[in-house]
Amino acid sequence: MIAPFFESGLFSETASLAVALLIGIGFGWFLERSGMGSARKLAGQFYLRDLTVFKVMFTAIITAMLGVFWLGWAGVLDLDRIFVPETWILPQLAGGILFGIGFAISGLCPGTSCVAAATGRIDGVAVVVGMFSGVLVTGLFFTKLANFYLSTARGVFTLPQLFHVDQGVIVLAVVLLGVGGFQLAELIEKRSAGTSSE
Amino acid sequence: MIRASAVRLLAIGATSLGVLAAVAGSPRKDSSPSIDVAALARDVQTEADHVTAIELARWIRDRKPNLRIIDIRDSAEFARYHVPQAERLPIEEVVKASFNPGETIVLYSGGGAHAAQAWVLLRTRGEKNVFFLRGGVSEWLDEVMNPQAPAHLSGQARDEADSVAALSRYFGGVPRQVDSAVPIQSFKAATARVRGRGC
């Protein structure tokens, strides 16, 4: 587990593994209960039929973001200890495109494919097997990919740094994006339900 | 209807917290780092500011967790040769980059001067786990890739020389045993080497 509890020494390594297991079970449970184990539901967002994925994602993002911001502001959470993944522009762009293609074709992403596999869906199992084979193959050919993999490195690079604004401004922008997106999503869903019933 | 009003309430709540966040600005209480010049001086005095090439090589070999090796030379020099696992980041990028807590940063340049300057800049910016490679790439080439030890050693000195030789071979280096009475290199070669050093 990464920051902040493990970093601040609150948990031992074993305890942090136990906590990670609990969080993982909880995560899987809620993914499944919100219908994310179904490739049909996930693919629905690409046809603008069902934007549940978008809504669930943005609800999670906004909740976590506001929580992190205000807990940091109140001094409960040390934001400097939170792990921020680094940026490699081109390789991540390429990875994102590949990921998007895979997502649209299979109708599953890494987390939901595990959920789908756990509930016995064959397509979920196929995606999980494919995903780990891909990881293995990448690992085997890593020396050939390393140059590209490590190119256009920007280190830890965040939106406030990119736009030269305070973190709070980004928080507001993402909240507005989320709330606006929610409205739009409901509208699109209503319209799509209207056309399909005609 | 209950669901719709609950959703509306959540949306209003999130939006107000977002607006307040924009007003609050930064979630960090005090972000201006204070410079403890005495602590910097102490680290220089106790030599806690740098690593030797051998130490760095051991860190790499032993896979020291969260180690980041940063080459601040230009891309041509980096392409010609760099320390394994190093990433290139020009000095003006280094001072702007943010590092994760827990990362050990080792800076190096051709000689030692530029990396030492980058070290000071990063320390004044508040980074704690920063080191520079004392003699830069030159030291790496001399001490790790081409170490020379006198042929007639015994005891602890022998063990140390053997350990360095093993380390060198790990990195594909060529450790040599020399007769210490004979001058190692010609004057011309030595001068050329020093000239190539730069900063």
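A residue is called buried if 20 or more other C-beta atoms lie within 10 Å of its own, exposed if 12 or fewer do, and partly exposed in between, with C-beta atoms placed from the backbone. The views below come from a predicted model, in which local features need pLDDT of at least 70 and side-chain atom pairs count only at pLDDT 80 or more, while totals for chains, interfaces and linings use all residues. Residues are numbered from 1 along each chain as its sequence is written, and chains are lettered from A and ligands numbered from 1 in the order in which they are written.

**View 1. B:His50 in strand 1 of chain B.** Let's start with B:His50, which sits in strand 1 (residues 50–51) of chain B. Strands (E, at least two residues) and helices (H or I, at least four) are DSSP runs, numbered from the N terminus. B:His50 is buried because 22 other C-beta atoms lie within 10 Å. Beyond its neighbours within four places in sequence, B:His50 is in contact with B:Phe131, B:Phe132, B:Leu133 and B:Arg134; contact here requires that the C-beta atoms of two residues, placed from the backbone, lie within 7 Å. The C-alpha atoms of B:His50 and B:Val106 are 8.3 Å apart, although 56 residues separate the two along the chain.

**View 2. The largest nonpolar core.** A nonpolar core is a set of buried Ala, Val, Leu, Ile, Met, Phe, Trp, Tyr and Cys residues joined through C-beta atoms within 7 Å. The largest one has 32 residues, and those with the most contacts inside it are B:Ile70, B:Val106, B:Leu107, B:Ala115, B:Phe132 and B:Leu133. Elements of chain B that each supply at least two residues of this core include strand 2 (67–71), strand 4 (104–108), helix 6 (113–124) and strand 5 (130–133). Which helix of chain B gives the most to this core? Helix 6 does, with five residues. Looking around B:Ile70, and leaving aside neighbours within four places in sequence, you will find contacts with B:Ala86, B:Glu87, B:Leu89, B:Val94, B:Ile105, B:Val106 and B:Leu107. A second, separate core of twelve residues includes A:Met65, A:Val171, A:Phe182 and B:Ala14.

View 3. Helix 8 of chain B has 16 residues and reaches 23 Å from its first C-alpha to its last, close to the 22 Å expected at 1.5 Å a residue; the expected span is 1.5 Å times one less than the number of residues. B:Val164, B:Leu167 and B:Ser168 are the buried residues to look for in this helix. Seen down the helix axis, the buried residues of helix 8 of chain B fall within an arc of 100°, so they line one face; the arc is that of the directions from the axis to the C-beta atoms. These buried residues pack against helix 3 and helix 7 of chain B. The face turned away from the buried side carries the exposed residues B:Gly155, B:Asp159, B:Ser163, B:Ala166 and B:Arg169. Just after helix 8 of chain B, B:Gly172 takes a positive phi of about 80°.

**View 4. Where chain A touches chain B.** The contact takes 26 residues from chain A and 21 residues from chain B. On the side of chain A, helix 3 (52–73), strand 2 and helix 9 (167–197) each supply at least two residues. Helix 9 of chain A gives the largest share, nine residues. By type, the side of chain A that touches chain B divides into 18 nonpolar, five polar and three charged residues. In this count, Ala, Val, Leu, Ile, Met, Phe, Trp, Tyr, Cys and Pro are nonpolar, Asp, Glu, Lys and Arg are charged, and the others, Gly among them, are polar.

**View 5. A:Gly155 in strand 2 of chain A.** A:Gly155 lies in strand 2 of chain A and counts as buried, with 20 C-beta neighbours inside 10 Å. Not counting residues up to four places away in sequence, A:Gly155 touches A:Glu86, A:Thr87, B:Ala97 and B:Ser98.

**View 6. Positive phi in two loops of chain A.** Most residues other than glycine have a negative phi. A:Leu48, in the loop between helix 2 (39–44) and helix 3 of chain A, has a positive phi near 55°. A:His164, in the loop between helix 8 (159–163) and helix 9 of chain A, has a phi near 55°, also positive. A:Leu48 is exposed, with 12 other C-beta atoms within 10 Å, and A:His164 is exposed, with 7.
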